[in-house]
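Biologist: I would like to learn how to read a few features of a protein model. Please take them one at a time, with the general idea before the case.

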Amino acid sequence: MATLFSIPNPTGLAKATAKQKMLKQLICSNAPEEALRYHGYRLIAGVDEVGRGALFGPVVAAAVILPEKTGILSRMGLTDSKQLDRDQREKLDRKIRSIALAFAVAEVDAATIDRINIYQASRLAMLLAVNQLTVQPDHLILDAMLIDHPCAQTKLYYGDALCLSIAAASVVAKVYRDALMRDFDKLHPQYGLAAHKGYATPEHRRALTEHGPCELHRRSFAPVLAADPNAILDETLDSADLLFDDDFLNTATVADPPLLQP
């Protein structure tokens with residue numbers, strides 16, 4: 001039976017704020033990559049996606065293979081893209097692209113998200129990004145999920161805040177998707193996409209009510225359904241994930257041992 005995406009509420013906001021405070025206390029480093037290198041892996045691709053909780057446009061994933069020496073990225077403050085401002089992200093994006101052994105970006109559009117659900121669309125975007133790498137990785141390290149790829153894989157909870165390779169993928173994907181949303185804003189200025197990047201902000205939901213959804217909205221998401229009764233529901237999201245660029249929908253807690261799971 002189809003279920004509605006939940007509507008943002010104060011409880012969700014408090015939960016998101018607490019989570020952001022917790023994430024800021026984590027240290028992003030190359031320790032996960034060094035642990036994998038100890039076991040013989042050398043070409044380690046960090047993989048992450050952004051835009052999972054948005055109401056508009058594609059979910060975007062990036063895969064990045066960093067060199068062994070990443071001190072410059074640490075000194076520049078590389079971490080989860082959600083903890084960085086636009087200027088920081090764009091500077092890091094340029095540096096990551098300049099030093100990476102390989103990187104790739106892939107997107108899965110709103111129609112596919114509605115057809116196969118947002119979780120599977122996110123996994124598909126990550127798989128496409130990995131498959132587009134010009135250097136074949138011997139290990140993938142991902143933020144709390146695995147994908148249908150034959151390469152050895154490690155899922156790392158809160159990976160974009162703990163692992164430089166995943167953080168690099170997060171930044172590359174975020175900068176790419178944000179630029180895409182600014183381009184879409186020129187085509188659909190009535191929604192304010194340049195400001196909220198397609199997320200379920202009050203401004204965006206008011207625009208949906210006033211103008212209705214366009215062909216690039218995700219019609220399986222409840223706020224879009226509210227503006228278009230013909231939309232089809234097939235997923236459930238936490239309210240905080242609709243409001244914020246927080247694409248971590250897994251149920252990991254501090255009790256999940258260990259953090260680094262092959």
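Modeller: We will go through strands, helices and a few single residues in turn.

Modeller: First, the ground rules. This is a predicted model, in which local features need pLDDT of at least 70 and side-chain atom pairs count only at pLDDT 80 or more, while totals for chains, interfaces and linings use all residues. Residues are numbered from 1 along each chain as its sequence is written, and side-chain values use heavy atoms, with hydrogens and water left out.

Biologist: How are helices and strands assigned, and what does "buried" mean?

Modeller: Helices (H or I, at least four residues) and strands (E, at least two) are DSSP runs, numbered from the N terminus. Buried means under 20% relative accessible area, exposed means over 50%, and partly exposed lies in between, with a 1.4 Å probe and protein chains only.

Biologist: How should I read the two sides of a strand?

Modeller: In a regular strand the side chains alternate between the two faces of the sheet. Take strand 1, residues 44-50: Ile44, Gly46, Asp48 and Val50 are on one side, Ala45, Val47 and Glu49 are on the other, and all are buried.

Biologist: Why is strand 1 described as largely enclosed by the rest of the structure?

Modeller: Because 7 of the 7 residues of strand 1 are buried. Strand 2 gives a like count, with 7 of the 7 residues buried, so strand 2 is largely enclosed by the rest of the structure. From strand 2, Val59, Ala61, Ala63 and Ile65 point one way and Val60, Ala62 and Val64 the other way.

Biologist: Which strands does strand 1 pair with, and in which direction, parallel or antiparallel?

Modeller: Two strands pair if DSSP finds at least two bridges between them. Strand 1 runs parallel to strand 4 (residues 139-142), with 4 bridges joining them, and antiparallel to strand 2 (residues 59-65), with 6 bridges.

Biologist: How many bridges join strand 2 to strand 3?

Modeller: There are 7, and strand 2 and strand 3 (residues 102-108) run antiparallel. One partner pair here is isoleucine 65 with alanine 102 in strand 3.

Biologist: Now helices. How do I find the buried face of one?

Modeller: An α-helix has 3.6 residues a turn, so residues three or four places apart point the same way. In helix 10 (residues 202-211), His204, Ala207 and Leu208 are buried. Seen down the axis, the buried residues of helix 10 fall within an arc of 105°, so they line one face of the helix; the arc is that of the directions from the helix axis to the C-beta atoms. The face turned away from that buried side carries the exposed residues Arg206, Thr209 and Glu210.

Biologist: What covers the buried residues of helix 10?

Modeller: The cover includes helix 9 (193-196) and helix 11 (222-227). Contact means heavy atoms within 4.5 Å. Just after helix 10, glycine 212 takes a positive phi of about 75°.

Biologist: How is the packing of two helices described?

Modeller: Two packed helices are described by the angle between their axes and the distance between the axes. Helix 4 (residues 86-99) and helix 8 (residues 164-187) pack at about 120°, with their axes 9 Å apart. Axes are lines fitted to C-alpha atoms, for helices over the stretch in contact, and angles run from 0 to 180 degrees between N-to-C directions.

Biologist: Where does aspartate 178 lie, and what is it in contact with?

Modeller: Aspartate 178 lies in helix 8 and is buried, with a relative accessible area of 6%. Leaving aside neighbours within four places in sequence, aspartate 178 is in contact with Arg89 and Lys197.
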